[in-house]
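The sequence and the model are shown first.

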Amino acid sequence: MSKVSRDSLYESVNAILDHSKNKKVRKFTESVELQISLKNYDPQKDKRFSGTVKLRHIPRPKMKVCVLGDQMHCDEAVKYEVPHMSVDDLKKLNKDKKLVKKLAKRYDAFMASDSLIKQIPRLLGPGLSRAGKFPTLLTHGEAMVGKIDDVKATIKFQMKKVLCLSVAVGHVGMEPEHLVQNINMSINFLVSLLKKNWQNVKALYIKSSMGPRQRIY
């Protein structure tokens, strides 16, 4: 059960969209972030949580996804103009840490064919895992474009050493209704990860990349 009232959430979302479209127009599409401040949590002692949830509407449509594919998936990637790399392309990186780091920076996420995913540590070393971008499995029974949309719609909450988290839940080009749905789903999922649920939530804010933040809880 969400403790954020639907009316005040709509009010905050509309304030963000109004600021972005009418008061301070940017040359890029600002993302909308959910910022979370936690309480009664000790990052040193308490178990650090981590979890992913697929939102109803894609929060980052421009997210760059690269397919590390077998021949069949590479052919499919060419057909749909999806960035891709074959086993030979990965071998050329020669496990060079700098090149692997560069690859991890170039894309927001990776997907890999079944036959390739087990070889990633051997071909690339731990670089993608360290960057938090270990590939998602792509099987031949799945539609590549649909799976890419799934990856784009999935957000990750990960507790680190501080009591603040921030995650992109949408962008200012979205309908208010869609933003509200994404924010609600994100909040409810995050609360389910917390040890004491709402008792661990100190404050919740939403803001656009360059706009002022709005407190929603």
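## The chain as a whole

The structure is a predicted model. Its protein chain contains nine helices and ten strands. The C-alpha trace spans about 55 × 45 × 35 Å along its principal axes. Of the 217 residues, 45% count as buried. Among contacts with a separation of 6 or more, 75% are between residues 24 or more positions apart.

## The parallel sheet

Four strands form an open sheet in the order β4-β3-β5-β6, and their pairing is parallel. The edge positions belong to β4 and β6, each of which has a single partner strand, so one side of each lacks a neighbour in the sheet.

Strand β5 is joined to β3 by four bridges and to β6 by three bridges. Ala-112 of β5 takes part in both pairings: Leu-68 stands opposite Ala-112, and the bridge partner of Ala-112 in β6 is Leu-137.

How many of the five residues of β5 are buried? Five of the five are, so the strand is largely enclosed by the rest of the structure. In a regular strand, side chains alternate between the two faces of the sheet. In β5, Ala-109, Met-111 and Ser-113 point one way, while Phe-110 and Ala-112 point the other way.

## The antiparallel sheet

A further open sheet of four strands has the order β8-β1-β9-β10, with antiparallel pairing. Here β8 (164–171) and β10 (214–215) stand at the edges with a single partner strand each, so one side of each is left without a neighbour in the sheet. Strand β1 (residues 31–38) and β8 run antiparallel and are joined by seven bridges. Within β8, Ser-166 stands opposite Gln-35.

Helix α9 (residues 176–193) lies across β1, β8 and β9, and runs at about 150° to β8.

| Strand pair | Bridges | Direction |
|---|---|---|
| β1 and β8 | Seven bridges | Antiparallel |
| β3 and β5 | Four bridges | Parallel |
| β5 and β6 | Three bridges | Parallel |

## Helix α2

Helix α2 covers residues 71–79, and its buried residues are His-73, Cys-74 and Ala-77. Seen down the helix axis, these buried residues fall within an arc of 100°, so they line one face of the helix. The face turned away from the buried side carries the exposed residues Gln-71, Met-72, Val-78 and Lys-79.

Against which elements do the buried residues of α2 pack? They pack against β3 (65–68), β4 (84–85), β5 (109–113) and β6 (136–138), and also against helix α8 (144–153). The four strands named here are those of the parallel sheet. Just after α2, Glu-81 takes a positive phi of about 55°.

## The largest pocket

The largest pocket holds about 930 Å³ of space. Of the 29 residues that line this pocket, Asp-108, Gly-132, Thr-154, Ile-155 and Lys-156 are the closest to its centre. The elements that give two or more residues to the lining are β5, α8, β7 (154–158) and β8. Among them, β5 belongs to the parallel sheet and β8 to the antiparallel sheet.

## Two partly exposed residues

Ile-58 lies in the loop between β2 (50–54) and β3. With a relative accessible area of 27%, Ile-58 is partly exposed. Leaving aside neighbours within four places in sequence, Ile-58 is in contact with Asp-149, Lys-152, Ala-153, His-171 and Met-174. Ile-58 and Asn-182 are 124 residues apart in sequence, yet the C-alpha to C-alpha distance is 8.8 Å.

Gly-127 is placed in helix α7 (residues 127–130). At 26% relative accessibility, Gly-127 counts as partly exposed. Lys-98 is 29 residues away from Gly-127 in sequence and 9.1 Å away in space, C-alpha to C-alpha.

Methods: Residues numbered from 1 in each chain as written. Predicted model: local features only at pLDDT ≥ 70, side-chain atom pairs only at ≥ 80, totals over all residues. Heavy atoms only, no water. Buried < 20%, exposed > 50% of the residue type's maximum accessible area, 1.4 Å probe, protein only. Arc of directions from axis to C-beta. Contact = heavy atoms within 4.5 Å. Pairing = 2+ DSSP bridges. Axes fitted to C-alpha atoms, helices over the stretch in contact; angles between N-to-C directions. 1 Å grid on protein atoms, 1.4 Å probe; cavity = no way out; pocket = protein on both sides within 12 Å on 5 of 7 lines; lining within 4 Å. Points joined across faces, edges and corners; volume = space filled by probe spheres on them.
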